[in-house]
Amino acid sequence: MLEMRGITKTFDAVVALKDASLELKSGEIMALLGANGSGKSTLVKTLSGLVNPDGGTVLYDGKPVHIRSAADSGRLSISTAYQDLSLVPAMSVIDNIVLGMEPKGKFGLIDRKKARDYALSCLERLKISCAPDALVQSLMPSTQSMIEIAKAVASRPRLLILDESTASLHSDEVDTLFAVLAELRAEGIGIITVTHRMGEIYRICDRCTVLRGGETVASGPVGEMDIDTVVYYMTGKKPDTSVGARARAGIHSADERPVLETRGLSLPRKLKSVDFHAYAGEIIGIGGLDGQGQQDFLRVILGDQKHDSGGIVYQGKKTKFRQPADAIREGMGFISGDRNKESIFPVRTVAENIYAGAAARGILFSYIKPAEVNRFARNAVEKYGIIAGGMRYPASSLSGGNQQKLVLGRWIALAPDLLLLDDPTKGVDIATRHEIHRILKECAAAGMCVLYGSSDNEELLKISDRIYVFYEGAVSAELQGEDRVEEKLVAAMLGLTGEHLKGGENR
Ligand SMILES: Nc1ncnc2c1ncn2[C@@H]1O[C@H](COP(=O)(O)OP(=O)(O)OP(=O)(O)O)[C@@H](O)[C@H]1O
Ligand SMILES: [Mg+2]
């Protein structure tokens, strides 16, 4: 149904697409893969009309088409769920879903009842449980992603494009989505999905296409491409599978005090008596389905939210930070995957963004020599392979994954004593993700204490020495050693912990 040939696109000096091609049959799910900045979003945006390519041809149903606007794309029944969501934060869920396709009643007025029924059926199909009149900005990131998908599916497309739609989804949401995708495939709809979660492509995709540096370098049935082969095409290198430094969970001398300890930590309706401890040199995973309190837990430690009972002991001292800036001054670092809201300063330059962590420790931009900012930033850019047009470009011009690497580079460079991470590798490609894990393990081996929240179970099991699983605001399990396996993790995420598990000295 779709054939793209020799697509090219440059933004000023940046070549985003050099020679990209792609073929899709109806009733097929295609994984579009590639490292951060390889041109995936740009390529799919040429189909949704947001980017006009400089050259190349696109055949749709065998006929050449020129998609110059979102309206052109809509006329071809192409619908996209975007990586940087297209929802209007200050509008309700219903209004967002029907936006642009309001059912009209008599005299061309919007039929509110029809609109509501329609939106509710969309929510139901994707099993999204949220108040339909709630403002989108009040919802969890993963719920927002699900609504973005619901909106795209709702328009009954013939070609559905999902750009990293699963990046912040939890396993239950991914299951629901995949069931819907399988239905759509059976109806003959063509689907292109961009993802960095490699496990997913083998679950649902039929074929994959790999981009490297804006060029299509491989394409074929997923059954014929194992992960190593895909990574090889993405990077041009053999994958580095070394695990890095050794885990040290549970090994501490009797007189060693934890870097962080909480006892009976509670927050109304969000956290229920959380007992927790983490030592220097440990990487502690924080798991759970969306909104089970794990995000609140990290924010309470950071002083972004106030607990009402229980206590936090940090570096041996009872603490209650008034604001994150105080925690940062005391040696904490914080990285969130929700970079749009929490981490990136879009209009500042790449260099300034990287330096912002140092600035947060009390040094202001205006007092620092630009050369200093640039030196610090260039280091990080090299270490994490951030692909940017230049240090002076605004951060908003980077691809999604590169923006995320920028935030990571910023904090790791500061070597905090306690690093809090909330889904930090969201949208980061697999090769860089390995690299980040390796760097974090090195940091831990050098004595940093790392709290790693992730929506991706595979990643959680891979990186953590111990995992605390949250369910309904309480810790439902603490997994370590042989208990660190997928089945136990999933069971604990669903609150199914018959035996009140390990580490129960405090309960
Ligand atoms: N509007 C823009 N202005 C300048 N450069 C851009 C713009 N959009 C994309 N680029 C550049 O084009 C390249 C490809 O970006 P694109 O967003 O397509 O990557 P991607 O493969 O989707 O990466 P990711 O996995 O990180 O989302 C990157 O180097 C990016 O910095
Ligand atoms: Mg992208």
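Hi everyone, let's start with a pair of strands. Strand E11, residues 260–267, is joined to strand E14, residues 309–314, by 5 bridges, and the two run antiparallel. If you want a spot to look at, find Arg263: its bridge partner in E14 is Gly311. Before I go on, please keep in mind that this is a predicted model.

Now let's zoom out from that pair. E11 and E14 belong to an open sheet of 4 strands, in the order E12-E11-E14-E15, with antiparallel pairing. Which strands sit at the edges? They are strand E12, 271–278, and strand E15, 317–319, and each of them pairs on one side only. On average, neighbouring strands here are turned by 25° against each other, ignoring direction.

On to another sheet. This open sheet has 6 strands, in the order E16-E17-E18-E13-E19-E20, and its pairing is mixed.

E16 pairs with E17 in the parallel sense over 5 bridges, and Ile335 stands opposite Leu421 in E17. E17 is in turn joined to E18 by 5 bridges, and these two run parallel. Here Asp422 has Gly453 in E18 as its bridge partner. Moving on, strand E13, residues 283–287, and strand E18, residues 449–453, pair in the parallel sense over 4 bridges. Gly453 turns up again, as the bridge partner of Ile286.

Is strand E17 mostly covered or uncovered? Mostly covered: 5 of its 5 residues, 418–422, are buried. Leu418, Leu420 and Asp422 point one way, while Leu419 and Leu421 point the other way, and all are buried. E17 also forms a right-handed β-α-β unit together with helix H15, residues 430–445, and E18.

Last stop, ligand 1. There are 22 residues around it, and Ala16, Asn36, Ser41, Ser399 and Gly401 come nearest. Where does this shell come from? Domain 1 (2–235) and domain 3 (332–415) each give at least three residues. Strand E2 (14–24), helix H1 (40–48) and helix H14 (400–412) each supply at least two. By class, the shell has 5 nonpolar, 15 polar and 2 charged residues.

How values were computed
Residues are numbered from 1 along each chain as its sequence is written. Chains are lettered from A and ligands numbered from 1 in the order in which they are written. This is a predicted model: local features need pLDDT of at least 70, side-chain atom pairs count only at pLDDT 80 or more; totals for chains, interfaces and linings use all residues. Two strands pair if DSSP finds at least two bridges between them. A residue is near a molecule or strand if its C-beta atom, placed from the backbone, lies within 6 Å of it. Ala, Val, Leu, Ile, Met, Phe, Trp, Tyr, Cys and Pro count as nonpolar, Asp, Glu, Lys and Arg as charged, and the others, Gly among them, as polar. Domain bounds come from an automatic or database domain assignment. Axes are lines fitted to C-alpha atoms, for helices over the stretch in contact, and angles run from 0 to 180 degrees between N-to-C directions. A residue is buried if 20 or more other C-beta atoms lie within 10 Å of its own, exposed if 12 or fewer, and partly exposed in between; C-beta atoms are placed from the backbone. A crossover is right-handed if, with the strands pointing away from the viewer, the path from the first strand over the helix to the second runs clockwise.
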